[in-house]
Each structure stands twice: as structure tokens, then as C-alpha cells.
Amino acid sequence: MASSRKSPRADTAVAAVDAALAAALAEHVAPHARVAVALSGGIDSMVLLDSATVFAARHPLTLSAIHVNHGLSPNAGRWTEFCAEQCALRHVPLATHRLQLERRHGESLEAHARAARYQCLLAADVDMVVLAHHADDQAETLLLQLLRGAGPQGLAAMPRHRAGRPALLRPLLELTRTTLAAYAMARGLAWVDDESNADRKHARNFLRHEIAPLLAAYFPGYPATLVRAARHQTEAAELADALAAIDAAGRVDASGLDRALLAQLPPVRARNLLRWFLHERGLRPPSEARLNEMIKQLVGAGDDARIRIAQDGAEIGRHRGRIAVHARAV
């Protein structure tokens, strides 16, 4: 499957991966931290596990791995066994999770699996979870968000670092799929292939196999240019959030958002403020049309109107001049 013969390109790839991981961990991880690799057994996560193992041997941190078996493939059990074998070879403790997924109304099984996987990762008793997403993944994510009509928050794609307990870190986000493949060949790594990655009925796979090669052939800077574009959108999203926080100063408290403020602000800032307010309360952003309709109801309806707007499992309503988010009534 892989060759251990090294070439200058292979040596460069190994150095690039090791340097990217070392720089990211130095920036975001304290000494003696507990770091877990999100391990699927695919080539990308095996590259990350291998490089992290080398790093951990030279630095004061506790390394482990997390494998989530979604049960969606007939090969899922063998992938779990493979990950256990690879971690045992490297003396890396492995935590495995077996999911029982059921299709939800209005949500694809793949999206449900992705959300469940992140639930497992975010429940881990570690300081940091590192993920193996790379530049091609980031470019694909940006294209998907662009085709969905997303704003700056969506076009920012995947963050390199997300604070929390545990925090999430993507140290390889600037490196291409080709670089990771060269690392794997140079290090003689084994990995598994998920057959679903070849299924072009999924939008990401269609972009990866049909569109991305054309973009790379015509635009030599791909995917790095789209990774850079995502960084610009991250900055734009951060500025929008900062403006919303300025607008909200003194007008948002535990009881909610001052309704009068939405009426006073220019429409673009009112939309930005309400989107920010909902995000701060843990809700996913509504579509542009739905956001406009929310503002129309929350601001335009009479004082005696009873407003209850369902959004992301919660209810948005008005009470005594305040806009509040409540648990949805069952």
C-alpha cells in the first residue's frame, strides 16, 4: 500500500507536516496537556497520529486517540480494529465509541453522523482534540458554503482553533492532500479507505472528484487561495461580531435583547445584531429570508401581539419590550 523509499519531495512533506503540527501545538497547547487525535483510520488522520506520536516522544504532553464507529459501513468494525492495532503499535491509548444512528426528519444521515461524532469528541476528558482536516478539505467546505449562499460566518469554513474544554485544533489546515499523501508514503504508513468517499451523490465528493481537479488545473494556486479566502472571511465574521457586541452594549441582559434597539438600527446592523444574539444563545443562524421575517415580526408587530417564533429547537418571543429565547414548549 505504501512505500518506505524516501525522496526529496517525501522528506519535504515529512518536514512540513511535523513543522505545522509543532507550530500549532506550541501556539495553543500548554506543557503537560492532554491531547487526543481524532482517528478515523483514513490516510489524513493516520498522518496526524504518526506525526503527533513523534512529537509527543520529545515534548511533555499526554497523547491519546479517539475513534468513532458510526456503523454506517459494513467495514466499520474492521476500521475500529485497525485503529486499535495502529494505536497499540505506537503505545497510544485509544477510546472508541460505537454509535447507533437513526435518520432524522429533514437531516441527512451523514450530517447526523457528523454531529454525533463531534459530540463524542467534545465529551472527551482531554484538553485538546486535534483533527486532520487539510487545505483541500477547507477549500471544499468554502465552496459548499458559497453554493449554499452563506455569509461570512459560513464562508469562514472550518476554524483552525476553537477554544473550549476540550478545545479543537486543526494543525494541518494549510497543507494539501498531496503533501499528506507524500508524508504517508515516506513514513510507510498503512490506512483504510472509506468507500463512501467515492460516492459522487454526496455534494462534497462531487466537488472533490469532479470540480476540484478542474480548478487545480486551471488555477495553480488552488486550494491555497481558497484557504486564504476563508481566513479573510473569518476576519470579516469577527468584525461583524465585534460590531454586534458594540451595538448590544447596555441593551442585552439576562432578560433578553431590547426590542427598541432593533428598530433604531439600520437594517443591515439590525440583522447582524439579531444573528449575533441568537448565536450567543446557542442557536444556529437562520436563513436570510427567515432572519428578515423574524425582525419584521419582532419589531413590526403591535405591543399586544403574542410572538412565538420557532428556531433550532427553541422559541423566540417578546415580553415587556425584550426579545428573549426560551425552551420550546412540548
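**Close-up 1. Asp127 and its salt bridge to Arg165.** At 23% relative accessibility, Asp127 counts as partly exposed (buried is under 20% relative accessible area, exposed over 50%, partly exposed in between; 1.4 Å probe, protein chains only). The model is predicted: local features need pLDDT of at least 70, side-chain atom pairs count only at pLDDT 80 or more, and totals for chains, interfaces and linings use all residues. Residues are numbered from 1 along each chain as its sequence is written, and side-chain values use heavy atoms, leaving out hydrogens and water. The closest N and O atoms of Arg165 and Asp127 are 3.4 Å apart (a salt bridge puts a side-chain nitrogen of Lys or Arg within 4 Å of a carboxyl oxygen of Asp or Glu). Arg165 is exposed, at 62%.

**Close-up 2. The salt bridge of Arg34 and Asp125.** Their closest N and O atoms are 3.2 Å apart. The pair links distant parts of the chain, 91 residues apart: Arg34 sits in strand β1, Asp125 in the loop between α4 (109-122) and β4. Strands (E, at least two residues) and helices (H or I, at least four) are DSSP runs, numbered from the N terminus. Arg34 is partly exposed at 25%; Asp125 is exposed at 61%.

**Close-up 3. The bend in helix α8.** α8 bends by about 45° at Ile211 (the angle between axes fitted to the seven residues ending there and the seven starting there). Pro213 follows within four residues. The buried residues of α8 are Asn205, Leu207, Arg208 and Ala212. They pack against α5 (135-147) and α7 (177-186), contact meaning heavy atoms within 4.5 Å. Arg208 also belongs to a salt-bridge network with Asp136, Asp137, Glu140, Arg177 and Arg204.
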